[in-house]
Amino acid sequence: MEQSRTINTHKNLHAAELMKIALERKEGKLASTNALQVFTGSYTGRSPKDKYIVNEPSVMEHIDWGTVNQPITEYQFDQIYNKAQDYMMDKELFIFDGYAGADLNYRLPIRIVNEYAWHNLFVHQLFIRPTKEELATHHAEFTVIALPGLKADPATDGTRSETFICVSFEKRLVIIGGTEYAGEMKKSIFSVLNYLLPFKNVVPMHCSANVGVKDDVALFFGLSGTGKTTLSADPNRRLIGDDEHGWSDQGVFNFEGGCYAKCVNLSEEKEPQIWNAIKAGSVLENVMLDLETGIADYDDISVTENTRAAYPIESIPNALIPGKAGHPSVIVFLTADAFGVLPPISKLTKEQAMYHFLSGYTSKLAGTERGVTEPEATFSACFGAPFLPLHPTVYAEMLGKKIEEHQVKVYLVNTGWTGGPYGVGKRMSLAYTRAMVSAALDGSIEQSGFTTDPIFGLQCPVSVNAVPSHLLQPRNTWQDKESYDNAARELSDLFDRNYRKFAL
Ligand SMILES: Nc1ncnc2c1ncn2[C@@H]1O[C@H](COP(=O)(O)OP(=O)(O)O)[C@@H](O)[C@H]1O
Ligand SMILES: C=C(OP(=O)(O)O)C(=O)O
Ligand SMILES: [Mn+2]
């Protein structure tokens, strides 16, 4: 393909060069921090319904086919691949070669081919950048081709819409078209690793990770917006990674070389590490800037609530590089409960940990219509169902064994609502959540007495340093106790109903 092309292909440019080209091509604008501001058009988030896996003989029996993993035929994939090759013929392309996986034993050499310079800057910052020596011998084992301008034709390509994220494990290729949302590229490699690594006895996990001064490793699982990125950026601990990790017999390792933080309401005071990480070379997705000063207005969510900043992990002070550490001693499951009924922190037994891992509960907020206060419960197995090609129980069993083997303590932390449901109560203060997480990580929480929540059976601490005790039991924070009981029972029923699909 490359021989027949006459157009320039840029390989492995530095961040500064990519910034310059993106600006020249008017793909984005420079913010006051020298970050690159870009807009992604109509797709401001991932498009899980447009994801396909090729139904190839070698993967067929392993994949958990269903709504998450939708099959396409080899013929359909080849047709899209041919279209992609034609489309690329007269395009200037940008190539990044690097790795996914900080552990040399398990890392996947990857190549990302981009139509946009800013996408290439994004992947350069998000994946693991090779050294000069590594680049010289780099040989990609998986390739992602991201062509936002290439649209599928549902009538002939068999896709649901113009947008597609197609993975072929046999061709070791992902083709993305019809979307500009950069998160799609990082999450497609995550899905690939979620398929490949269990065969190598590594548990792939949708979690952030950090490590304390005593080499104590903590993992934070949670769906989008529950606080993985925010809570793992902790000045007292070294960041391993903010989103995707593997757990092998040697310990945990980051899949990525950068972070992808939500920017909504970002403030220097509450999240100083993330605030300061946004500088030259960072990509600001769908963040509004003041027209004259170029200063980012993180409170402006006129484009989307899912505004994002991408930056290399080096931009977080004291990050652990390479992102590889020992076995975790504490695991935190994060949930943003908009019912406002789950305790802000509780201790889980081994059985409860498995139950909550498979349940993967969080809430989506009820639309954007005014006056709508009904939260919507979302259950996403392993806190990451959209990224799991295998059946959730495969991951759960692997994790369960590791939790047992390493005697890991597991806590459930509700970073969501308190004092009532969404619309009535308010979101738990970040400072209190941080204090509760700290108490779990330093073990001081175990000094407290615990009471058992009558509806969820969770063990709630009676006191946590620097947190008002009445907040620790959500029923105390609701004015109307009957409403609390009803809401808690409703959520508990939803949990039970969802879990039935895992009951043998
Ligand atoms: N108590 C809290 N705990 C964690 N995050 C909170 C809390 N209150 C508000 N937030 C906000 O919620 C968002 C969490 O997003 P993020 O950390 O990016 O989630 P994830 O990485 O899991 O997708 C951030 O914008 C953060 O400022
Ligand atoms: C990038 C994403 O991950 P998260 O929201 O978990 O940070 C995403 O879901 O698109
Ligand atoms: Mn995140």
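Which residues surround ligand 2? In this predicted model, local features require pLDDT of at least 70 and side-chain atom pairs pLDDT 80 or more, while totals for chains, interfaces and linings use all residues. Residues are numbered from 1 along each chain as its sequence is written, chains are lettered from A and ligands numbered from 1 in the order in which they are written, and side-chain values use heavy atoms, leaving out hydrogens and water.

Ligand 2 is surrounded by R46, Y181, K186, K187, H206, S224, K228, D243, Y260 and R308, a residue being near a molecule if one of its heavy atoms lies within 4 Å of it. This shell divides into two nonpolar, two polar and six charged residues; Ala, Val, Leu, Ile, Met, Phe, Trp, Tyr, Cys and Pro count as nonpolar, Asp, Glu, Lys and Arg as charged, and the others, Gly among them, as polar. Polar contacts to the ligand are pairs of N or O atoms within 3.5 Å. A polar side-chain atom of S224 is 2.5 Å from an oxygen atom of ligand 2, and one of R308 lies 2.7 Å from an oxygen atom of this ligand. For the side chain of Y181, an N or O atom is 3.0 Å from a ligand 2 oxygen. On its own, ligand 2 has 290 Å² of accessible area, of which the protein covers 95% (Shrake-Rupley method, 1.4 Å probe).

An unreviewed UniProt entry lists K187, H206 and D243 under "binding site"; such annotations may be inferred rather than shown by experiment. These residues are spread over 57 residues of sequence but cluster in space, with a largest C-alpha distance of 10.0 Å. H206 is found in the loop between β11 (203-205) and β12 (207-211), strands being DSSP runs of E with at least two residues and helices runs of H or I with at least four. The relative accessible area of H206 is 6%, so H206 is buried (under 20%, with a 1.4 Å probe and protein chains only).

Around ligand 1 there are 17 residues, of which G225, K228, T229, T230 and E271 come nearest. The shell of ligand 1 comprises four nonpolar, nine polar and four charged residues. An N or O atom in the side chain of T230 lies 2.6 Å from an oxygen atom of ligand 1. Backbone atoms also take part: a backbone N or O atom of G227 is 3.1 Å from a ligand 1 oxygen, and a polar backbone atom of L223 is 3.4 Å from an oxygen atom of ligand 1. Taken alone, ligand 1 exposes 570 Å², and the protein buries 91% of that. Two or more shell residues come from each of α8 (228-232) and α12 (430-441); α8 gives the largest share, three residues.

Definitions and conventions. Polar contact = N/O pair within 3.5 Å; in protein donor to acceptor, adjacent residues only side chain to side chain. Buried < 20%, exposed > 50% of the residue type's maximum accessible area, 1.4 Å probe, protein only.
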